[in-house]
Amino acid sequence: MYHEEEAIQQVQLIGTNMVNAGDMNGSGNLMDFLDEPFPDVGTYEDFHTIDWLREKSRDTDRHRKITNRSKESIWEFIKSLLDAWSGWVVMLLIGLLAGTLAGVIDLAVDWMTDLKEGVCLSAFWYSHEQCCWTSNETTFDDRDKCPQWQKWSELLVNKSEGASAYILNYFLYILWALLFAFLAVSLVRVFAPYACGSGIPEIKTILSGFIIRGYLGKWTLLIKTVTLVLVVSSGLSLGKEGPLVHVACCCGNFFCSLFSKYSKNEGKRREVLSAAAAAGVSVAFGAPIGGVLFSLEEVSYYFPLKTLWRSFFAALVAAFTLRSINPFGNSRLVLFYVEYHTPWYMAELFPFILLGVFGGLWGTLFIRCNIEWCRRRKTTRLGKYPVLEVIGVTAITAIIAYPNPYTRRSTSELISELFNDCGALESSQLCDYINDPNMTRPVDDIPDRPAGFGVYTAMWQLSLALIFKIIITIFTFGMKVS
């Protein structure tokens, strides 16, 4: 008690001297006093909430000082201009880094996903598609096959067909998936526990004014980027879209530390993080405007008008950077896209209604089942062994996914095949329609052509893939991976 009373008296004495000095000089300011490095004064502890009014007042006083000093000399005027443009510079840097990381992640996921099935002999860092792009021996019938790309059975035992080759490829597929998942969960658990999960709930919490130190740190950014590639490449029923928001916010927090305008003001820092969240959605879905709306409506707590324009600028820069990298080889921001060449039919409304009903029912079922499973994970011994849980779910996923070609490939490639139009050069089973030489309509007129055997086979495989994805996704979400 004695030490507490003595500390209080000292603070009161300092405050009295400060007020007296302010009266004498005519320029006393409480924020000037709080800017001094006194312990436990004007700082925030971990897992505490910031004072929005105090941060706003500090920024107002800082801006007033800069305005007054800009009238003293040309150098101070230049410094005021630099301070005014620093926000746009930060947005530019965030967009460049977020777009670059998204492109690198897409390229790495594409390569490591194909690495589970084979390797390119001409350049081992090429994916299957990139390897056959450079080949002059690709035929029309087998556009996905080229001598430069070899499956593991062809490379190890010089066999491409037969039971032994299938079993060897099956075993190596599972082995690669387990290796990727083990590295991902180990890196997260040992080096950056904050890197697990999508990160969007925590981002919303931070933007509301809560302090979580280290969640947007440089180490979290590094581990999140590396493990995101590993966990998506392992074949788990997860995506990289949500975690890209966390990655972009880590980029925003990093650049905030380079400018005192944002590093010393938690309110201004959250303006930058709001724009970074918009950039993350922009590179995840190729939608700059959608990213701004997501940041405005979903995650941000404080969103002034200037943050709206800066968020849009950051999202545009990120999208332009990703398109310049061109990770998918189609000069677009996403692997899958829709092109409308024919008008829709009235009969199509009924399937769309059923699709909407199924989406609502499946969303309700998934949320309830996943919450129940996460509650069981916390209340049982299962939560004490996150590595074993990840390894077990990965093994089950790989064992069941390999026989079905629609679950073996990555989710982005699957959606891309479902979205692509059926043309003369399309070799997918979904485009196996019978060509009748006696028909009067053009060959590309799909609605008047009967379905072939490949379409019926694809329907059964897609139905099994749907059931498998519904079940395995419930147990996958919430694990200690990125």
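Over the protein, mean pLDDT is 82, and 83% of residues reach 70 or more.

This is a predicted model: local features need pLDDT of at least 70, side-chain atom pairs count only at pLDDT 80 or more, and totals for chains, interfaces and linings use all residues. Residues are numbered from 1 along each chain as its sequence is written, and side-chain values use heavy atoms, leaving out hydrogens and water.

**Helix α4**
- T113 sits in helix α4, residues 74–115 (helices are DSSP runs of H or I, at least four residues, numbered from the N terminus).
- T113 counts as buried because its relative accessibility is 6% (buried is under 20% relative accessible area, exposed over 50%, partly exposed in between, with a 1.4 Å probe and protein chains only).
- The T113 side chain comes to 2.6 Å from the backbone oxygen of V109.
- Leaving out residues up to four places away in sequence, T113 touches S233 and S410.
- F77 is also part of helix α4.
- F77 has 41% relative accessibility, so F77 counts as partly exposed.

**Helix α19**
- Q461 belongs to helix α19, residues 453–476.
- Its relative accessibility is 19%, so Q461 counts as buried.
- Beyond four places in sequence, Q461 contacts N404, P405, Y406 and Q429.
- Q461 and P403 are 58 residues apart along the chain, yet their C-alpha atoms are separated by 9.8 Å.

Note on methods:
Helix = DSSP H or I, 4+ residues; strand = E, 2+ residues; numbered from the N terminus. Polar contact = N/O pair within 3.5 Å; in protein donor to acceptor, adjacent residues only side chain to side chain. Contact = heavy atoms within 4.5 Å. pLDDT = per-residue confidence, 0-100.
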